[in-house]
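Work through the exercises below with the sequence and the model side by side. Each task is followed by a solution that goes step by step.

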Amino acid sequence: TMETKFKVSVIIPTYNRPDSVLKLLDSLCTQTLSPQQFEVIVVDDGSTYDEAVITERPFPFSLQYIRQQNSGATITRNNGAQHSQGEVLVVIDDDVTVAPEALQALSELCLREEKVLVMGTLITRSVVELPPPFIVCALGAINKRPHAGSQDQQDREVHFSWANTQLLAVKRADFYELGMLQDPTGGWPNWDDVDFGYRAHLAGFRLLQSGQATGYHWDNSLRDLESTCNRWQRACKSAVRLFEVHPGLIPHLPMLHDKMPINW
């Protein structure tokens, strides 16, 4: 494996969202972790905008910008890992911003414990003002997870099915030992984070959630009811393939139980 040069490598997969990426990069400028201790790798999955809008901006940390042919998010994240030199890999989606303590909290917990994946605490933020009933339906399930800023800022162990590549840290050696990310469904969303969490669980890993590593998810699929329904329909279609690959996962994803065929 490549020699580690940084404590942390931040890997950001992106596609045609330059404004979103810039918001995330701005939030990385205010990290309590020194900018000398981390690098940022933006892997662009074949966008059409001029990358200079990002690459010509000055940042206090080392920034690599890689544009590849359109290949999907899983290959994009793995490509970032293969160009990284950090002891800990932190994958962050391009529609997330992070609180100042996030990288420090994720990396310290990751390095302190053996055989762990560490995820941040995500708070969903809508990109538009939504009518209240829609907010309740769309955010109800998501926000059952503990809020940052509440009394519960402790690190805790959570179920492997919560594994979420929107804000996830893993030691680089463990990432490669687990076989990197894999695309179990060929669909989108492709459940590659749940697949990774499950494979890690089978290999004896625990999934920890850091109460200090807060992220804000500016969820584009919540911009209107149609987008939300479309996303869930696609997720359910690709879940069929997920369960073909990992039948053992079926009892662990209760959100899909009521969408199974009726047992007459």
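**Exercise 1.** In which helix is the place of arginine 199? Find that residue, then describe its surroundings.

*Solution.* Before starting, note that this is a predicted model, in which local features need pLDDT of at least 70 and side-chain atom pairs count only at pLDDT 80 or more, while totals for chains, interfaces and linings use all residues. Residues are numbered from 1 along each chain as its sequence is written, and side-chain values use heavy atoms, with hydrogens and water left out.

Step one: arginine 199 has its place in helix H7, where helices (H or I, at least four residues) and strands (E, at least two) are DSSP runs numbered from the N terminus.

Step two: arginine 199 has a relative accessible area of 14% and is therefore buried, since buried means under 20% relative accessible area, exposed over 50%, and partly exposed in between (1.4 Å probe, protein chains only).

Step three: the side chain of arginine 199 is joined to that of aspartate 195 by a polar contact of 2.8 Å; such a contact is a pair of N or O atoms within 3.5 Å, and within protein one must be able to donate a hydrogen and the other to accept it, while residues adjacent in sequence count only if both atoms are side-chain atoms.

Step four: setting aside neighbours within four places in sequence, arginine 199 is in contact (heavy atoms within 4.5 Å) with Leu178, Gly179, Met180, Leu181, Gln182 and His246.

**Exercise 2.** How many of the 11 residues of H7 are buried, and against which elements do the buried ones pack?

*Solution.* Step one: H7 spans residues 192-202 and is mostly covered, with nine of its 11 residues buried, including Asp192, Phe196 and Tyr198.

Step two: the buried residues of H7 pack against helix H3 (73-82), strand S6 (116-126), strand S8 (167-171) and helix H6 (172-177).

Step three: just after H7 comes glycine 204, which takes a positive phi of about 90°.

**Exercise 3.** With which strands does S6 pair, and in which sense, parallel or antiparallel?

*Solution.* Step one: S6 is mostly covered, with 10 of its 11 residues buried.

Step two: S6 pairs with strand S9 (residues 206-219) in the parallel sense over 10 bridges, where two strands pair if DSSP finds at least two bridges between them; leucine 117 stands opposite leucine 207 in S9.

Step three: S6 and S8 run antiparallel and are joined by three bridges, and valine 118 has alanine 169 in S8 as its bridge partner.

**Exercise 4.** How many residues has the largest nonpolar core, and which have the most contacts inside it?

*Solution.* Step one: a nonpolar core is a set of buried Ala, Val, Leu, Ile, Met, Phe, Trp, Tyr and Cys residues joined through side-chain atoms within 4.5 Å. The largest one has 35 residues, and Val10, Leu25, Leu28, Val40, Val90 and Ile92 have the most contacts inside it.

Step two: helix H4 (residues 102-112) gives the most to this core, with six residues.
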